[in-house]
Amino acid sequence: MTASSVWTRKDLLSLYDLSAEEILCILDTAEEFKKVSQRNIKKVPALRGKTVVNLFVEPSTRTRISFELAEQRLSADIINVSADASSLRKGETLLDTVKNIEALQVDLVVMRHSAPGAPNYLANQLSCGIVNAGDGAHSHPTQALLDLFTIREKKGTLKGLNVTILGDILHSRVARSNMWGLLKLGANVTFAGPSTLVPREFEQAGVRVCHNIREALEGADVVNLLRIQHERQKKGFFPSTGEYAKVFGLNADTFKYLKKDALIMHPGPINRDVELSSALADCPQSVILEQVTNGLAVRMAVLFLVAGCLKNGR
Ligand code: CP
């Protein structure tokens, strides 16, 4: 089956919306684009003549740079818009801003926003494609896709693997997106951390919720660490950062509970020696920088696939 018969969407909003077949289509396409980045000439003409706007209304290092490089490698024309330098600061609505961008015959908008659902709202109103680069605590589909890609590359499959996501689940779009992607591809998912940050409600979606770090790590093939998102927390969810690190951090003491060949992952940015000890962040089992490398291939694949579904004339 070809990618064009599986992928029919002009937007990428959430992994919740996608079938296992669509997720695998992105991962398989990303494998091909990863080969492009290993060539001497790393550029292909797949998006020549297309214009992409990167609208980042919330801070980002990895995702923003990765999308921009992906667009360059696909030969797209690129415009970067930041909240501080746009008329959003003067009170213009997000819809008006993006309608003005669309009026310039822009093809795709890659957007990060603090409001959950902002990309869905725009995708319903506009004919250009919308790619969600993270919306509040709701969804971060390309981060989860690069995590899935990295696990599949290292372990051969997602099916039957035990994946523990440990940390601030409550405020994490990465946890939610990983949850949908991992479950759809047949992995067993554990959400772990303090009970204030890992509510039992997630069990209804099919994940195991665990508030004991030893139980959470024993038998895990993969542990994905999440940082404490102080910027999204309105109250103290645990007594102190030091205590969190001691009880729920991955360090030399807690590492021994994992399987010998377990992968250590982190979406970044890392708070070293809080959720993850500095030594383990840089140890041979850590694939954190490989996640970043794979993010480029995954984003090239996503942009290529959604651009292929834009209406004629775009
Ligand atoms: N992983 C991630 O989304 O990082 P940035 O916030 O730096 O983009």
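Visitor: How do the residues lining the largest pocket divide into nonpolar, polar and charged?

Guide: There are 5 nonpolar, 8 polar and 7 charged. Ala, Val, Leu, Ile, Met, Phe, Trp, Tyr, Cys and Pro count as nonpolar, Asp, Glu, Lys and Arg as charged, and the others, Gly among them, as polar. This is a predicted model, where local features need pLDDT of at least 70 and side-chain atom pairs count only at pLDDT 80 or more, while totals for chains, interfaces and linings use all residues. Residues are numbered from 1 along each chain as its sequence is written, and side-chain values use heavy atoms, with hydrogens and water left out.

Visitor: What makes a set of points a pocket?

Guide: On a 1 Å grid over the protein atoms alone, a pocket is an open set with protein on both sides within 12 Å along at least five of seven lines. A cavity is a set of points where a 1.4 Å probe fits but cannot get out. Lining residues have an atom within 4 Å of a point. By that rule the largest pocket has 20 lining residues. Arg 112, Arg 173, Arg 227, Gly 268 and Pro 269 lie nearest its centre.

Visitor: How much space lies in the largest pocket?

Guide: About 380 Å³. A volume is the space filled by probe spheres set on the points, with grid points joined across faces, edges and corners.

Visitor: Which helices each supply at least two residues of that lining of the largest pocket?

Guide: α3 (62–73) and α7 (173–184). Helices are DSSP runs (H or I, at least four residues), numbered from the N terminus.

Visitor: Why is the second largest pocket said to lie between the domains?

Guide: Domain 1 (3–139 + 293–313) and domain 2 (141–291) both give residues to its lining, so the second largest pocket lies between them. The domain bounds come from an automatic or database assignment. This pocket holds about 260 Å³ of space. Its lining has 19 residues, and α12 (288–307) gives the largest share, 6 residues.

Visitor: What makes α12 largely enclosed?

Guide: Of its 20 residues, 15 are buried, so α12 is largely enclosed by the rest of the structure. Buried means under 20% relative accessible area, exposed over 50%, partly exposed in between (1.4 Å probe, protein chains only).

Visitor: Why is Lys 155 called partly exposed?

Guide: Lys 155 has a relative accessible area of 23%, so it counts as partly exposed. Lys 155 is found in helix α6. Its C-alpha is 8.8 Å from that of Asp 221, 66 residues apart in sequence.

Visitor: How do you know that Cys 25 is in no disulfide?

Guide: A disulfide is a pair of cysteine sulfur atoms within 2.5 Å. A search of the whole structure finds 0 disulfides. For Cys 25 the nearest cysteine sulfur, that of Cys 309, is 9.1 Å away. Cys 128 is in no disulfide either, with the sulfur of Cys 309 nearest at 14 Å.

Visitor: Why does Cys 128 count as buried?

Guide: Its relative accessibility is 1%, so Cys 128 is buried. Cys 25, at 7%, is buried too.
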